[in-house]
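Before reading the points below, please open the structure and keep it beside the text.

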Amino acid sequence: MKGTFPVSKFGELRTPFYYYDTELLRNTLKTACSEAARYERFELHYAVKANAHPQVLSLIRESGMGADCVSGGEIRAALKAGIPASKIVFAGVGKADWEINLGLDHDIFCFNVESIPELEVINQLAADKGKQASIMFRLNPNVGAHTHANITTGLAENKFGIAMEDLDKVVDAALGMSNVRFIGLHFHIGSQILDMGDFAALCNRINELQDRLEARQLLVNHINVGGGLGIDYQHPNRQAIPDFKSYFATYAKNLRLRPHQTLHFEPGRAVTAQCGSLISRVLYVKQGANKQFAILDAGMTDLIRPALYQAYHKIENISSDEPMETYDVVGPICESSDVFGKAIDLNRTKRGDLIAIRSAGAYGEVMASGYNCRELPKGYTSEDL
Ligand code: LLP
């Protein structure tokens, strides 16, 4: 089954471009927020890195979600969309001084700190402003996620977070500083996770760490478990809204939250991936020695996931209902990895047809580059057309 697109309205737009279905985005946000609201003290911060299109962020703000930012640019984008600073968390293994100062100036909710040198800098910059910064420590839980190696973050070998055995040391360091306030623990094990057992494993790890803190009479008010809930790239229409219900239920069941604690989540992909498609035009159909190529005007500069992670995105010819034929679907960039899919069945394809590359609303437009001096793709919502 193909997706439904306003193909006649696409005619005037220059390809390639991203198209965001705001009705699906609104429904996804509604589901995520209402499933979280079944539990007391579950709070959502949308991971801005997945998609920072201004209209997308403005719908996020309307839903009541906060923002998880990893750069000064993302903090600015979130604030510009009207997301209150009190709902912004700032993560990242390398925060520059100006970015920390930006967070301090706006009194963001907290900094997720990844090392003692970073903690010292935050303490100093906060002291310079006569402020106290709220901080959580990002711990590396050494929990493997069953996903692509490039998007696994919670293993000991990854650069992210602080090793669990260093917890006491970093907490002591924070308690000895007067311009940081230690308020909680932060985790993120990886992305595109569909096995709820991975999240349950994270919960067990957090339970152990909380027991360790409690043994020291230390209780924190906040636990942040990051993002990671995956989506169905194979069948974007079958379950267009990810299974937020099982996701939150897994945490509710496995994590021993203390009565006063708030649990924070940072979903990115699960919120925006399915509402977005990369729309492209077929430039040429070329017969190779033993296969045919559909050559698009979109390339890896517009959507890098297939080249970078061998990621699968469903590809559809939205201009043709003719019988199926098999194509390698490729872009125009001078790189052999500029391939969206090999041996893909498409309705018979000709020059000028529009192609939709599905499930591209997360880590699509935001990861575009200008390689080959190409223009960045634009993003349109269904409300723009
Ligand atoms: N929180 C933290 C600390 C993260 O590092 C990430 C993603 C998220 C939340 C959001 O995770 P999500 O819910 O979207 O899985 N470019 C890659 C994905 C990189 C994810 C990086 N961190 C891709 O295209 O698959």
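1. Buried residues make up 55% of the 385 residues in the chain. Please keep in mind that this is a predicted model, and that every value in this note was computed from it. The accessible surface of the chain comes to about 16200 Å², and carbon and sulfur atoms account for 50% of that surface.

2. On overall dimensions, a compact globule with 385 residues would have a radius of gyration near 21 Å, and the chain, with 22 Å, agrees with this. The C-alpha atoms fill a box of roughly 70 × 40 × 35 Å when the box is taken along the principal axes. The chain has 11 helices and 17 strands. Among contacts between residues at least 6 apart in sequence, 72% join residues that are at least 24 apart.

3. How is the chain divided into domains? The domain assignment gives domain 1, covering residues 22-271, and domain 2, covering residues 274-381. Their C-alpha centres lie 33 Å apart, and 21 residues of domain 1 are in contact with 20 residues of domain 2.

4. The interior deserves a careful look. In soluble globular proteins, nonpolar side chains tend to be buried together. In this model the largest nonpolar core has 95 residues, and the members that touch the most other members are F111, I135, F137, I223, Y251 and F265. Helix α8 (residues 196-215) supplies the largest share of this core, namely six residues. Domain 1 and domain 2 both give residues to the core, so the core lies between them.

5. Not counting residues up to four places away in sequence, I135 touches F111, V113, L119, I122, A174, V180, R181, F182, I183 and G184. Another core, of 10 residues, lies apart from the largest one, and F10, L13, F17 and Y19 are among its members.

6. Which aromatic rings are paired, and at what angle are their planes? A search of the whole structure finds 19 aromatic pairs. In one of them, the rings of F5 and F10 have their centres 6.3 Å apart and their planes at 50°, so the pair is tilted. F5 is buried with a relative accessible area of 16%, and F10 is buried with a value of 0%. The rings of Y251 and F265 have their centres 5.2 Å apart and their planes at 80°, so this pair is edge-to-face. Because Y251 lies in helix α9 (residues 244-254) and F265 in strand β10 (residues 262-265), the pair ties together parts that are 14 residues apart in sequence. Y251 and F265 are both buried, and they belong to one aromatic cluster together with Y39, F42, F199, F244, Y247 and F248.

7. I279 and F17 are 262 residues apart in sequence, yet their C-alpha atoms are 5.4 Å apart in space. Leaving aside neighbours within four places in sequence, I279 is in contact with F5, F10, T15, P16, F17, Y19, I318, L354, I355 and A356. I279 is buried, with a relative accessible area of 0%.

8. Most residues other than glycine have a negative phi, and most peptide bonds are trans. The peptide bond from T15 to P16 is cis, with omega near -5°, and P16 lies in the loop between α1 (7-10) and β1 (17-20). R41 has a positive phi, near 65°; this residue is in the loop between α2 (22-36) and β2 (42-47), and is partly exposed, with a relative accessible area of 40%. A343 also has a positive phi, near 50°, but lies in strand β15 (residues 339-347), and is exposed, with a relative accessible area of 53%.

Notes: Residues numbered from 1 in each chain as written. Heavy atoms only, no water. Core = buried A, V, L, I, M, F, W, Y, C linked by side-chain atoms within 4.5 Å. Buried < 20%, exposed > 50% of the residue type's maximum accessible area, 1.4 Å probe, protein only. Helix = DSSP H or I, 4+ residues; strand = E, 2+ residues; numbered from the N terminus. Domains from an automatic or database assignment. Contact = heavy atoms within 4.5 Å. Rg over C-alpha atoms; globule rule 2.2 N^0.38 Å. Areas by Shrake-Rupley, 256 points an atom, 1.4 Å probe, with all protein chains shown as cover. Phe/Tyr/Trp six-rings, centres within 6.5 Å; stacked < 30°, edge-to-face > 60°.
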